[in-house]
Amino acid sequence: KRVALGAGVLGVAGTAAGYYRYKKRLTSNAVITAEKYHEDQKETIGEALRSKENFDALPKTLYQYTTCPFCCKLKAFLDYHGVDYDVVEVNPLSKKQVSTHGYGKVPQLRLGDDGPIIVDSGEIVALLKPILDKEAPEITPEEQKWKDWASTTLVRYMVLNTNRTLSESREGYDYVSNIVNFTGTDKVILEIFGGPIMYLVSQYAIKPKLKRTAGYDGGDVRDALYKELNGWVEEGLGEKKFHGGDRPDLADLDVYGVVHSQRFLPVFKDLQENL
């Protein structure tokens with residue numbers, strides 16, 4: 001009993017500490033914006049993106065979390081445009097794989113073997129679109145409207161729907177057992193604490209934000225998600241194959257990336273069966 005009690009106390013303390021670190025990280029992340037980070041590398045980024053030929057010639061490395069909606073949005077864009085890149089999985093608690101980069105969030109895309117590094121899914125796409133999408137180098141206001149929705153309301157509903165219970169939250173970290181660059185200790189810590197931390201984040205950070213910004217009434221979160229995505233189908237797609245018409249635009253790629261980020265989890269199957 002004493003061992004079980006001690007383990008329980010340690011688990012609660014570890015989860016609380018992890019949630020505190022999450023809240024603290026939000027504050028530290030706001031210290032340096034993606035724009036400022038890029039400004040400090042202006043010359044090297046400019047040279048790397050001077051032409052598509054320059055960009056294509058560089059080896060590229062994407063730093064990501066497997067289930068991060070913003071990482072998957074960027075991957076959808078890169079994959080659609082046929083960009084080759086290597087992937088480094090980042091530990092979502094320690095972030096040691098990007099600890100020397102001077103920027104704490106993912107995704108991050110390194111251009112070349114020793115930099116520069118461009119960050120923030122929206123900023124990365126804005127930098128790359130002019131050289132990768134010559135047919136439509138500018139983002140239209142209609143694209144931006146749905147991109148903003150996907151990056152805020154849709155992401156938050158997806159997170160809330162993958163963390164309805166502690167059991168679901170723990171399932172969201174099952175993927176770490178397959179990450180080859182994580183140590184055994186990394187995997188154990190993530191499997192024990194990752195789920196409970198995300199449960200707290202979803203209930204005490206994401207849910208209140210949805211109530212403030214998206215009119216969430218506190219009802220069934222699955223129904224609320226279905227309603228949002230049905231709105232996308234009816235208003236964003238209408239009678240078209242894609243929001244972009246005959247070919248996907250950034251709105252299509254963003255929505256796909258956000259939803260596909262949870263492909264390992266029950267919410268993804270539910271969406272396939274109910275929409």
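Lys 95 sits in the loop between strands E2 and E3; helices (H or I, at least four residues) and strands (E, at least two) are DSSP runs numbered from the N terminus. I start there because most residues other than glycine have a negative phi, and most peptide bonds are trans. Phi of Lys 95 is positive, near 55°, and the residue is not a glycine.

Before going on, the basis. This is a predicted model, in which local features need pLDDT of at least 70 and side-chain atom pairs count only at pLDDT 80 or more, while totals for chains, interfaces and linings use all residues. Residues are numbered from 1 along each chain as its sequence is written, and side-chain values use heavy atoms, with hydrogens and water left out.

Back to Lys 95. Is it buried or exposed? Its relative accessibility is 10%, so Lys 95 counts as buried (under 20% relative accessible area; exposed is over 50%, partly exposed in between, with a 1.4 Å probe and protein chains only). Asp 120 also has a positive phi, about 75°, without being a glycine. It is located in the loop between E4 and helix H6, residues 121-132. At 28% relative accessibility, Asp 120 is partly exposed.

Next, the cis peptide bonds. One joins Val 106 and Pro 107, with omega about 10°. Pro 107 belongs to the loop between strand E2 (86-89) and strand E3 (108-111). Another cis bond runs from Gly 115 to Pro 116, with omega near 0°. Pro 116 is in the loop between E3 and strand E4, residues 117-119.

Now the whole chain. The protein has twelve helices and four strands. Of its 275 residues, 49% are buried. The accessible surface comes to about 14,300 Å², and carbon and sulfur atoms hold 54% of that; areas are Shrake-Rupley values with a 1.4 Å probe. Taking contacts (heavy atoms within 4.5 Å) between residues at least 6 apart in sequence, 74% join residues at least 24 apart.

On to the aromatic residues. How many aromatic pairs does the structure hold? There are six, a pair being rings of Phe, Tyr or Trp (its six-membered ring) with centres within 6.5 Å; planes under 30 degrees apart are stacked, over 60 edge-to-face, and the rest tilted. Trp 146 and Trp 149 have ring centres 5.3 Å apart and planes at 85°, so that pair is edge-to-face. Both residues are in helix H7, residues 141-161, three residues apart, which is about one turn of the helix. Trp 146 is buried at 6% relative accessible area, and Trp 149 is buried at 11%.

A pocket is an open set of points on a 1 Å grid over the protein atoms alone, with protein on both sides within 12 Å along at least five of seven lines; lining residues have an atom within 4 Å of a point. Helices H10 (221-237), H11 (250-260) and H12 (266-274) each supply at least two lining residues. H11 gives the largest share, five residues. By class, the lining has nine nonpolar, two polar and one charged residues (nonpolar: Ala, Val, Leu, Ile, Met, Phe, Trp, Tyr, Cys, Pro; charged: Asp, Glu, Lys, Arg; polar: the others, Gly among them).

H11 itself is mostly covered, with nine of its eleven residues buried. Among them are Asp 252, Asp 254, Val 255 and Val 259. The elements covering these buried residues include helix H5 (69-80), H6, H7, H10 and H12.

Last, there is one cavity of 30 Å³ or more, a cavity being a set of points where a 1.4 Å probe fits but cannot get out. The largest cavity has a volume of about 40 Å³. Its lining consists of Asn 161, Thr 162, Glu 168, Glu 171, Arg 222, Leu 265, Pro 266 and Val 267. Helix H8 (166-171) and H12 are the elements that give two or more residues to that lining. The cavity lining divides into three nonpolar, two polar and three charged residues.

Terms used
Grid points are joined across faces, edges and corners, and a volume is the space filled by probe spheres set on the points.
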